[in-house]
Structures are given as structure tokens and as C-alpha cells.
Amino acid sequence: MASAIEEWNLHRRIALKVLMLTGVQPARLILGMMATTSFLSMWLSNTASTAMMLPIANAILKSLFGHRESHKDLSWESEETAAAVRKNGLHTVPTEMQFIAGTEDKDCPEEAEAPTDLHPTSKKEEEYRRNIWKGFLISIPYSASIGGTATLTGTAPNLILLGQLKSFFPQCDVVNFGSWFIFAFPLMLLFLLVGWLWISFLYGGITLRGWRKKKSELRTDAEKRARDTIREEFQSLGPIKFAEQAVFILFCVFAILLFSRDPKFIPGWASLFTPGFISDAVTGVSVVTILFFFPSQKPSLKWWFDFKAPNTETVPLLTWKRAQDTVPWNIILLLGGGFAMAKGCEESGLSAWIGGQLHPLESVPPVLAVLLITVVVAFFTEFASNTATIIIFLPVLAELAIRLRVHPLYLMIPGTVGCSYAFMLPVSTPPNSIAFASGHLLVKDMVRTGLLMNLMGVLLLSLAMNTWAQTIFQLGTFPEWADLHLANVTALPSSLANGTYRTL
């Protein structure tokens with residue numbers, strides 16, 4: 001579905017429309033960028049959302065400050081940035097940045113005259129513009145990581161949680177697309193709001209006295225140019241095409257079917273079928289199958305009755321070649337490998353042994369345990385990939401929850417969501433790397449901003465787990481399906497021991 005949305009440029013139309021509605025003041029534009037990127041990241045991959053939004057942000061920044069000035073303002077840090085990029089093993093100009101360089105000059109010819117009009121009048125004005133540039137670039141990867149947590153399909157750790165729940169606790173049926181969205185979407189909105197306030201305070205020109213200060217004529221002209229740039233970009237897309245309308249309708253059907261399959265508080269449409277035969281995968285495969293044969297051009301009824309009409313091939317909304325090129329098959333294989341590793345840890349007794357070594361945590365209150373787990377996972381994922389982190393931690397958290405006699409999801413969900421809260425380093429996650437490789441951010445910028453973002457994420461996640469998540473996932477009780485797993489784990493060492501005696 002994400003491939004079809006990207007194929008027909010529907011995501012770009014949505015992004016520009018949102019930016020037209022939010023306004024062109026720097027703080028409002030950052031809010032528009034964050035809201036759009038997070039919404040797209042709920043359905044597309046975090047990396048694709050970041051790569052799509054960066055050229056749009058770059059075009060707006062060029063119209064605000066001019067092409068030459070942006071380089072002049074940031075020239076003092078170019079050498080340090082290049083050294084940091086090389087140190088982290090990143091390319092200074094990735095394919096996304098080549099796209100920026102190739103499109104901006106073509107789309108915005110008026111930028112050549114901007115530097116003379118926008119010559120900096122003071123050092124304070126220069127610093128203000130440099131901070132706005134950084135705020136735009138740093139808000140996009142952060143909001144992509146936050147938005148990916150809102151849906152089960154938004155990021156790999158969420159899918160790994162679902163798969164490992166099926167492996168460890170086959171009887172567990174409380175986590176589905178709808179229940180996860182009801183839990184994670186309010187958390188995403190809260191985090192986006194707090195993150196926007198923090199980024200705007202640092203880079204977006206929001207100050208306690210700034211609301212009463214009158215804007216200079218220079219900034220008013222720059223904001224007018226930015227508004228014109230967004231409008232021109234949107235108009236260049238032309239009228240909405242039949243293919244875009246079809247993909248949008250199928251996307252809405254896809255989302256509605258996912259939410260209404262098993263909402264828990266009312267019977268869903270899955271109750272019309274034999275229990276166990278309908279899952280979220282059925283919805284996904286059914287809708288995507290339609291994409292492969294639904295025409296991208298409006299079909300004509302006359303063609304069916306005209307026997308002399310040419311039998312021309314119609315391009316579908318999604319071709320298999322496009323799916324091969326854009327679907328991250330390596331991630332799918334990595335997910336399968338993670339499920340296999342988790343099952344191996346369970347069958348061999350390794351996860352039970354590791355859980356037994358954590359007996360000092362048995363005396364810790366569960367609320368504090370959630371806070372500690374989220375901090376550890378969020379710190380660990382700064383240096384390792386999100387997928388590797390969650391594969392390592394989930395089996396251990398499941399066993400620890402059973403030893404603490406708390407609901408397994410009470411520990412597993414914070415570990416899963418905490419894996420996406422990687423904001424401090426460029427190497428923490430691909431969106432951070434893409435924004436950093438643009439050459440306008442330093443490592444210290446990301447550390448300064450990301451440290452408080454991590455802290456706010458941990459606190460908000462702990463708040464969510466101890467409030468509305470309690471009702472959604474019934475976290476106040478120790479479930480029967482966890483008791484069944486406990487019985488199996490207790491029986492495992494004795495059976496292993498008997499096998500050892502037989503061998504001897």
C-alpha cells in the first residue's frame with residue numbers, strides 16, 4: 001500500500017496541502033512538517049517519509065532565506081560536519097540530497113536574486129536564520145520516529161512484538177491493529193506536541209517575549225515567498241488524477257477494515273467468520289491484491305461494447321516490478337530471523353535463564369520497573385538498530401514479567417515503543433542519518449535536542465502505560481495465557497534434565 005501511495009505521488013499532495021493549512025511562520029511550519037511526517041510515517045516507512053519531506057523542507061527554506069545565504073550561514077560548521085559524517089560512515093550527499101540539488105534550482109528560479117534582498121543585517125538575524133534551518137531539518141526525522149509508533153505496521157519493532165506474542169503466548173489476543181492504535185495514537189499526539197514546543201523553543205523563534213514583538217519587514221517578505229513556494233509546488237501537481245483517487249479510497253478502506261476487524265468494545269466484522277481464520281494479514285493481502293489489477297486510468301464502459309476497440313494494455317495501480325523495487329524484502333527476512341531467534345531462546349530455556357538472573361528486579365515496584373526498562377532500551381537503541389534491540393530484549397522482558405507476576409504487555413510494550421525513541425545520534429536510526437548527512441547539522445545539535453526528547457518520551461510512555469493502557473490491554477491482572485506459558489517454562493528444565501540423565 002505504501003508503494004502504491006509513493007508511485008502516484010499521493011503522499012506529496014497530502015504533505016503540501018497540510019503545509020498550506022498550517023501557515024508559514026517558522027514555528028507553524030515546523031508544526032506542519034512534524035504533523036505531516038508523523039502521519040505519513042504511520043503508513044510508510046520512517047526512512048521513506050523522511051526522504052520525501054526533506055526536499056519539501058529544503059524548498060521552503062530556500063524561499064525563506066535564499067540559496068547562497070543558507071550556505072553562508074552554515075559555512076562555519078561545514079568542515080566539522082563533514083568530519084563527523086565521515087566518522088559515522090555516512091555519505092555526505094546521499095540519493096535524497098541529490099534529488100534536492102537536482103530539483104530546487106529547476107523549481108525555484110527566483111532564488112538566484114534572493115541573497116541580495118536577504119543580506120543579513122545583523123549577527124542576531126544570522127543566528128535566527130541558522131536556527132530555523134536546523135529546526136526544520138531536525139524535526140523531520142524525529143517526527144518520523146514518533147509517528148511510526150502509532151500503528152502496528154508503522155515500524156519494525158511493533159511487528160516484532162506482535163510476532164513474538166504469537167510465539168510466546170499463542171492465547172494472547174488483546175493486541176491487534178485497532179487496540180494498538182487506540183493506545184499509541186494519543187501517545188504520539190502528546191509526544192508530537194511536547195516535541196514541537198521543545199524544538200520551536202530551541203530553533204523556531206518561540207520566546208516568552210516573542211509573541212508581542214512585531215515582525216520585521218524582512219521576515220514578512222520571506223514568509224510571503226515561502227507561502228508562494230508551497231502554493232506553486234502544490235499547483236505543479238495538477239488536478240488530482242484517477243489513480244490518486246483510487247489509491248486514496250483503497251487506503252481508506254484498508255484502514256477502516258483494520259480498525260473494525262476486532263475493536264474489542266463492540267463485535268467486529270471478523271466475528272462473522274470462524275474464529276482464528278481472520279487476521280490483519282487477511283485485510284492487507286486482500287486490499288493489496290486489488291492494487292495489482294485495478295486500472296490506473298478511468299475505465300470506459302464503451303470499450304466493453306465496442307468489438308473493434310484496440311486491446312491496449314492498462315497499467316494497474318501497482319505493478320509487481322514496482323513492488324520488487326520498493327518493498328524492503330530484507331526487513332521481512334530480518335523479521336523472520338528475529339522470530340526464529342526468539343523461538344530458539346524460548347525452546348532452549350535461555351530466556352528463562354536470563355530472566356532468572358534478573359531476580360533483584362523482583363523487589364522493584366512495577367511502575368519503577370517500566371521506567372527503568374524504557375530508559376535502558378532507549379539508551380541501547382542509540383547505538384544499535386531498533387530491530388536488533390527489540391529482538392534481544394523482548395524474550396527477556398517476557399520472562400521478567402512472569403517472574404514479577406505482572407501482565408507481560410506491561411513490560412513488553414514499553415520496551416517496544418522505547419526502541420523507536422532514538423533521537424540523540426545520527427547513527428541511531430536511518431531518518432537521523434539522512435537529515436544529518438545533509439551537512440547542516442552537528443552531532444552536538446542532535447545530542448542537545450535529543451537528550452530531552454528521550455527523557456520526555458520515557459516519561460510520556462510511563463504515563464500512558466499507567467493510565468489508559470491499563471484499560472485497553474487489561475494490564476491490572478495476570479492473564480491466564482501467561483499462566484499457561486509459566487507452566488510450560490516450569491516443566492522445561494525437568495524435561496531437559498531427564499534427557500540429560502538418559503544420555504548419561
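**Exercises on salt bridges and surface in a predicted model**

Lysine 321 is exposed, with a relative accessible area of 57%.

**Exercise 1.** Determine which residue forms a salt bridge with lysine 321, and how the two are placed in their helix.

*Solution.* Step 1: the closest N and O atoms of lysine 321 and aspartate 325 are 3.3 Å apart. Step 2: a salt bridge requires such atoms within 4 Å, so the pair qualifies as one. Step 3: both residues lie in helix α16, four residues apart, a separation of about one helical turn. Step 4: aspartate 325 has a relative accessible area of 55% and is exposed.

**Exercise 2.** Classify lysine 134 and aspartate 445 as buried or exposed, and locate their helices.

*Solution.* Step 1: these two residues form a salt bridge, with 3.2 Å between the closest N and O atoms. Step 2: lysine 134 lies in helix α9 (residues 123-147) and aspartate 445 in helix α23 (residues 443-465), so the pair ties together parts 311 residues apart in sequence. Step 3: both residues are buried.

**Exercise 3.** Describe the nonpolar surface patch that includes valine 253.

*Solution.* Step 1: Phe248, Ile249 and Val253 make this patch, which covers about 260 Å². Step 2: valine 253 is found in helix α13 (residues 242-260).

Methods:
Residues numbered from 1 in each chain as written. Predicted model: local features only at pLDDT ≥ 70, side-chain atom pairs only at ≥ 80, totals over all residues. Heavy atoms only, no water. Patch = residues over 30% accessible without salt bridge, like charges linked within 9 Å, V, L, I, M, F, W, Y side chains within 5 Å. Areas by Shrake-Rupley, 256 points an atom, 1.4 Å probe, with all protein chains shown as cover. Salt bridge = Lys/Arg side-chain N within 4 Å of Asp/Glu carboxyl O. Buried < 20%, exposed > 50% of the residue type's maximum accessible area, 1.4 Å probe, protein only.
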